[in-house]
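Q: Please take a close look at a single part of this structure. Start with the terms I need, then show me what surrounds that part.

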Amino acid sequence: MDQGPPLTHVYNLARLGHAGERVRLVAGPEERAAIARWSGVSSVEGLSADIDLKKVSPSKFTLEIALTADLAQACVVTWEPVPAHIERHFRRELHFGGPVRRKVESVVPQTVALTGLEEEEPPEEIESLQYDLARPVLEEYVLSLEPYPRAEGAEFGLEPATEDRPESPFAALKTLKPKF
């Protein structure tokens, strides 16, 4: 049964002025426990984000986000907790595709110059001005997790090859090979 996201913070972008606003998002103890279960980590000791919202136009918004998290993941070798600290700074652009009151603008074709190999992400298309600010925070948090956390000094132990290993199950196929 889907319980929904472990953290939400819905913000009404329609009330955002051109001066912008800063929102501080801090996960409480119950939310941190839910985030740990949701993301498959041992524990989340702290998770916060400072979000600077700016209104670019009546239908375009930018989010500048600074994410900080302290957590523990299970070591893939020993299953012991491995502490981790995440600090990420990222930007998201939002484009509201719904009805907006605005002046009629003439459409002028723009030339796009490709200056580097990196492509900018296109704006995220949103259908409502009620936007969950926790969503991009949780996305970046999950993308920042170490996929194979390993405790210091923990190594995978490979057993040495032995000469008296059992014969391959495909060895019997050699007898079926025609002899010319």
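A: Two strands pair if DSSP finds at least two bridges between them. Strands (E, at least two residues) and helices (H or I, at least four) are DSSP runs, numbered from the N terminus. The model is predicted, so local features need pLDDT of at least 70, side-chain atom pairs need pLDDT 80 or more, and totals for chains, interfaces and linings use all residues. Numbering starts from 1 along each chain as its sequence is written, and side-chain values use heavy atoms, with hydrogens and water left out.

First, the setting. The protein has 2 helices and 7 strands. Read from the N terminus, the order of its elements is β-β-α-β-β-β-β-β-α. It has 180 residues, and 30% of them count as buried (under 20% relative accessible area; exposed is over 50%, partly exposed in between; 1.4 Å probe, protein chains only). Take the contacts (heavy atoms within 4.5 Å) with a separation of 6 or more: 69% of them join residues 24 or more positions apart.

Now the sheet. It is open, it has 5 strands, and their order is β2-β3-β4-β5-β6. The pairing is mixed. Strands β2 (21-26) and β6 (124-126) form the edges, and each pairs on one side only. From one strand to the next, the twist averages 25°. Angles run from 0 to 180 degrees between N-to-C directions, and axes are lines fitted to C-alpha atoms, for helices over the stretch in contact.

Follow the pairs across. β2 and β3 (residues 43-57) run antiparallel, joined by 6 bridges. Here Val23 faces Ile51 of β3. Helix α1 packs on the sheet and touches β2 and β3. The direction of α1 makes about 95° with that of β3.

Next come β4 and β5. They too are antiparallel, with 15 bridges between them. Leu67 stands opposite Arg88 in β5. The hairpin of these two strands has 6 residues between the strands. Trp79 lies in that loop between β4 and β5. Its phi is positive, about 65°, although Trp79 is not a glycine. Is Trp79 buried or exposed? Its relative accessibility is 66%, so Trp79 counts as exposed.

The last pair is β5 with β6. These strands pair in the parallel sense, over 3 bridges. His95 has Glu125, in β6, as its bridge partner.

With the sheet in place, turn to α2 itself. Which strands does α2 lie across? It lies across β2, β3, β4 (60-74), β5 (81-96) and β6. Against β5, α2 runs at about 140°. Several residues of α2 are buried: Ala134, Pro136, Val137, Leu138, Glu140 and Tyr141. Their cover includes β2, α1, β3, β4, β5 and β7 (130-132).

The other helix is part of that cover, as listed above. Helix α1 spans residues 29-39 and helix α2 spans residues 134-144. Their axes come within 11 Å and cross at roughly 55°. Where do the two helices meet? On the α1 side are Ile35, Trp38 and Ser39. On the α2 side are Leu138, Tyr141 and Val142. Leu138 and Tyr141 are also among the buried residues of α2.

After α1 comes Gly40, with a positive phi near 75°.

Leu145 lies in the segment after α2. Leu145 counts as buried because its relative accessibility is 15%. What does Leu145 contact, leaving aside its neighbours within four places in sequence? The partners are Ser39, Val41, Leu71, Gln73 and Ile86. Ala84 is 61 residues from Leu145 along the chain, yet the C-alpha atoms of the two are separated by 8.5 Å.
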